Amino acid sequence: MGDAARSPLYGKRVLITRAEEQSQDLFQRLRDLDAVPVCAPLIRFALVEESGPLDAALQNALRFVLERSRVLGVSLTQAASAIRVAAVAPVTAAAAEKAGLHVAYVANKHQGIGLAEELGPQLLGRRVFLPRSDHAGRQLPDALRKVGAEVEDVIAYRTLETQSGANNLRDMVRRGAIDAIVFYSPSAVQHFSDILGSEQAEMAGDQMLFVAIGPVTAGALRESGVVRIVQAADTGTRAVVEALRQAFDSAASSTSAGAQLG
């Protein structure tokens, strides 16, 4: 295609720090826009080593469902269908639906605290089962309790750092081979900083664009000393691509204006 028709993402190497199976849609969309996506997962998920609290929470949830079914004189299937499932983001909702759960609500803001704020009065006096990562912050359970929910907050999985690809990541940063990097969690930001060390991390902050998914991740990037940050409007592929497009388009316009002034 001609230069005038080129996407602002043309030839840009975009590093995606999420697992490949979670990033296929973004990977393909970037390729469609002539970018060069690179998957380099910085974290992975694993089962909890001690499942007692999760097992107990699931058993309690089942017990309450059975009790309500007897009180109401309805079948277990009917009682179970009365449980409302909510998700923070469309990706989580899709996974839940695939597992056979009907998702009644997806947060508009695609943020945990947004879920609590949006459901608000509907949660007063309701029991909320909240299975989460061992690295998850306190914002969501605190927000749920603030609106009157009874929260069963349990660790359902562990977030672990990946070691594979660390040397390759350091080499790409050293060579200036990355134009942008997309972070989905503060855990990934922390591992990125640990892999590079303070000196290379500072170098990366000067060289590349950092895309944060959500304000918590953006905050983690700022705390690590990164300045050139754009925050995607939500967790979806469209929002991530739009954040990248606008940032590179703005940078190209600034460069062009500077060249004309010179």
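These questions and answers walk through a predicted model of one protein chain.

Reader: How many helices and strands are there in the protein chain?
Author: The chain has 262 residues, and 38% of them count as buried. Among contacts between residues at least 6 apart in sequence, 57% join residues at least 24 apart. The secondary structure comes to 10 helices and 10 strands.

Reader: Is Ser133 buried or exposed?
Author: Ser133 is found in strand 6, which covers residues 127–133. Its relative accessibility is 11%. Buried means under 20%. Ser133 therefore counts as buried.

Reader: With which side chain does the side chain of Ser133 make a polar contact?
Author: Leave aside residues up to four places away in sequence, and Ser133 touches Ile155, Tyr157 and Thr159. The C-alpha atoms of Ser133 and Arg158 are separated by 5.5 Å, although these residues are 25 apart along the chain. The polar contact, at 2.6 Å, joins the side chain of Ser133 to that of Thr159.

Reader: Which elements do the buried residues of helix 6 pack against?
Author: Helix 6 spans residues 139–146, and Leu140, Pro141, Ala143 and Leu144 are buried in it. Seen down the helix axis, these buried residues fall within an arc of 160°, so they line one face of helix 6. They pack against helix 5 (112–119), strand 6 and strand 7 (150–161).

Reader: Which residue with a positive phi follows helix 6?
Author: Helix 6 ends at residue 146. The phi in question is near 100°. The residue is Gly148.

Reader: Why do the buried residues of helix 7 line one face of the helix?
Author: Helix 7 runs over residues 166–174, and its buried residues are Ala166, Leu169, Met172 and Val173. Seen down the axis, they line one face because they fall within a limited arc, and that arc is 125°.

Reader: Which residues are exposed on the other side of helix 7?
Author: An α-helix has 3.6 residues a turn, so residues three or four places apart point the same way. In helix 7, the buried set includes Leu169 and Val173. On the other side, the exposed residues are Asn167 and Arg174.

Reader: Is His191 buried or exposed?
Author: His191 lies in helix 8, residues 186–207. Its relative accessibility is 2%. Buried means under 20%. His191 therefore counts as buried.

Reader: With which side chain does the side chain of His191 make a polar contact?
Author: Not counting residues up to four places away in sequence, His191 touches Leu42, Glu161, Thr162 and Gln163. A polar contact of 3.3 Å joins the side chain of His191 to the side chain of Glu161.

Reader: Which residues that line the second largest pocket are the closest to its centre?
Author: The second largest pocket holds about 210 Å³ of space. It is lined by 15 residues. The closest to the centre are Arg18, Gln22, Asp25, Val91 and Thr237.

Reader: How do the residues of the lining of the second largest pocket divide into nonpolar, polar and charged?
Author: Three helices each supply at least two residues of this lining: helix 1 (24–32), helix 4 (90–98) and helix 10 (237–261). By residue type, the lining divides into six nonpolar, six polar and three charged.

Key
Residues are numbered from 1 along each chain as its sequence is written. This is a predicted model: local features need pLDDT of at least 70, side-chain atom pairs count only at pLDDT 80 or more; totals for chains, interfaces and linings use all residues. Side-chain values use heavy atoms; hydrogens and water are left out. Helices (H or I, at least four residues) and strands (E, at least two) are DSSP runs, numbered from the N terminus. Buried means under 20% relative accessible area, exposed over 50%, partly exposed in between (1.4 Å probe, protein chains only). Contact means heavy atoms within 4.5 Å. A polar contact is a pair of N or O atoms within 3.5 Å; within protein, one must be able to donate a hydrogen and the other to accept it, and residues adjacent in sequence count only if both atoms are side-chain atoms. On a 1 Å grid over the protein atoms alone, a cavity is a set of points where a 1.4 Å probe fits but cannot get out, and a pocket is an open set with protein on both sides within 12 Å along at least five of seven lines; lining residues have an atom within 4 Å of a point. Grid points are joined across faces, edges and corners, and a volume is the space filled by probe spheres set on the points. Ala, Val, Leu, Ile, Met, Phe, Trp, Tyr, Cys and Pro count as nonpolar, Asp, Glu, Lys and Arg as charged, and the others, Gly among them, as polar. The arc is that of the directions from the helix axis to the C-beta atoms.
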